Amino acid sequence: MTRIQVYDPPLCCSTGVCGPEVDDRLIAFAADAAWAARRGMELERFNLAHDPMAFADQPLVREALEQSGPEVLPLVLVDGDIALSGRYPSRAELAQWAGVSLPPSRPLPLAGT
């Protein structure tokens with residue numbers, strides 16, 4: 001099984017989906033992470049504000065932070081290798097990494113039809 005690890009920048013909670021002004025990217029990724037979990041994907045998230053030792057204990061993450069600073073976050077490892085940095089993965093990327101197929105997209109109905 002594919003192991004996906006997401007190293008988040010400092011967030012107020014485990015998902016960052018809280019507070020008065022929530023970033024739409026965090027909302028979308030929280031939904032995509034829940035979708036992945038429902039399909040049995042192994043996806044772990046580490047928050048720099050709450051899990052600093054997870055960052056310090058992972059050599060690739062520690063090195064990326066030392067070289068590029070916090071702009072590298074979020075950092076995504078797939079089976080221990082850096083797959084993405086600086087943004088959250090899309091649902092399609094999660095599916096591809098895990099070998100899960102996405103259902104075909106359906107066109108949205110036109111207004112007034």
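Trainee: What makes strand 3 and strand 4 a hairpin in this model?

Mentor: In this predicted model, strand 3 and strand 4 form a hairpin with two residues between them, and Asp-79 in the turn has a positive phi of about 50°. The two strands run antiparallel, and in strand 4 the bridge partner of Leu-75 is Ser-85.

Trainee: How do you know that strand 3 and strand 4 pair?

Mentor: Pairing asks for at least two bridges between two strands, and four bridges join strand 3 to strand 4, so they count as paired.

Trainee: Why is strand 1 also called a partner of strand 3?

Mentor: The requirement is again at least two bridges, and because four bridges join strand 1 to strand 3, these antiparallel strands pair. For Gln-5, the bridge partner in strand 3 is Leu-77.

Trainee: Which way do the residues of strand 3 point, and are they buried or exposed?

Mentor: Leu-75 and Leu-77 point one way, whereas Val-76 and Val-78 point the other way, and all are buried, which means that each has under 20% relative accessible area. In a regular strand the side chains alternate between the two faces of the sheet.

Trainee: What makes the largest group of nonpolar residues a core?

Mentor: A core is a set of buried nonpolar residues joined through side-chain atoms within 4.5 Å, and the largest such set here has 15 residues, with Ile-4, Val-6, Phe-29, Val-76 and Tyr-88 having the most contacts inside it. Helix 1 gives the most to this core, with five residues. A second, separate core of nine residues includes Phe-46, Phe-55, Leu-73 and Leu-77.

Notes: Residues are numbered from 1 along each chain as its sequence is written. This is a predicted model: local features need pLDDT of at least 70, side-chain atom pairs count only at pLDDT 80 or more; totals for chains, interfaces and linings use all residues. Side-chain values use heavy atoms; hydrogens and water are left out. Buried means under 20% relative accessible area, exposed over 50%, partly exposed in between (1.4 Å probe, protein chains only).
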